[in-house]
Amino acid sequence: MAVWELVQGEHPDDTRSRIQRIQEQGPELFETCVCRPDGSTLTMEVSVSYSEDTGGGRFICLGRDLTPRKEAERAARVSRLSVSARRY
């Protein structure tokens, strides 16, 4: 499966541009939505760097599931809206 088949909502040309930018300018940290094997989606924070050696280039990627943080942020927003709605 190609990387642009995993990343949801990003055009393959944008993915290729990101890859080229990482190779030329260095590491990137970004949030993205990816597709799980069962078809559901997952929001992740991804850190990607590129390294070249005599054997060729390699991408080093670390991903972190942002679901707990996103759920906490959503609950905080709902709570704030609820509190401000009670004031009026």
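Is Y50 buried, partly exposed or exposed, and at what relative accessibility? Y50 counts as partly exposed because its relative accessibility is 24%, where buried means under 20% relative accessible area, exposed over 50% and partly exposed in between (1.4 Å probe, protein chains only).

The model is predicted: local features need pLDDT of at least 70 and side-chain atom pairs pLDDT 80 or more, while totals for chains, interfaces and linings use all residues. Residues are numbered from 1 along each chain as its sequence is written, and side-chain values use heavy atoms, with hydrogens and water left out.

The structure holds 1 aromatic pair. The ring centres of Y50 and F59 are 4.7 Å apart and their planes lie at 50°, so the pair is tilted. Rings of Phe, Tyr and Trp (its six-membered ring) pair if their centres lie within 6.5 Å; planes under 30 degrees apart count as stacked, over 60 as edge-to-face and the rest as tilted.

| Residue | Relative accessible area | Class |
|---|---|---|
| Y50 | 24% | partly exposed |
| F59 | 36% | partly exposed |
| S40 | 26% | partly exposed |
| L62 | 59% | exposed |

S40 is placed in the loop between β2 (28–35) and β3 (41–53); strands (E, at least two residues) are DSSP runs, numbered from the N terminus. Beyond its neighbours within four places in sequence, S40 is in contact (heavy atoms within 4.5 Å) with V34 and C35.

L62 belongs to strand β4 (residues 56–65). Leaving aside neighbours within four places in sequence, L62 contacts E45, V46 and S47. The C-alpha atoms of L62 and V48 are separated by 6.6 Å, although these residues are 14 residues apart along the chain.

Key. Helix = DSSP H or I, 4+ residues; strand = E, 2+ residues; numbered from the N terminus.
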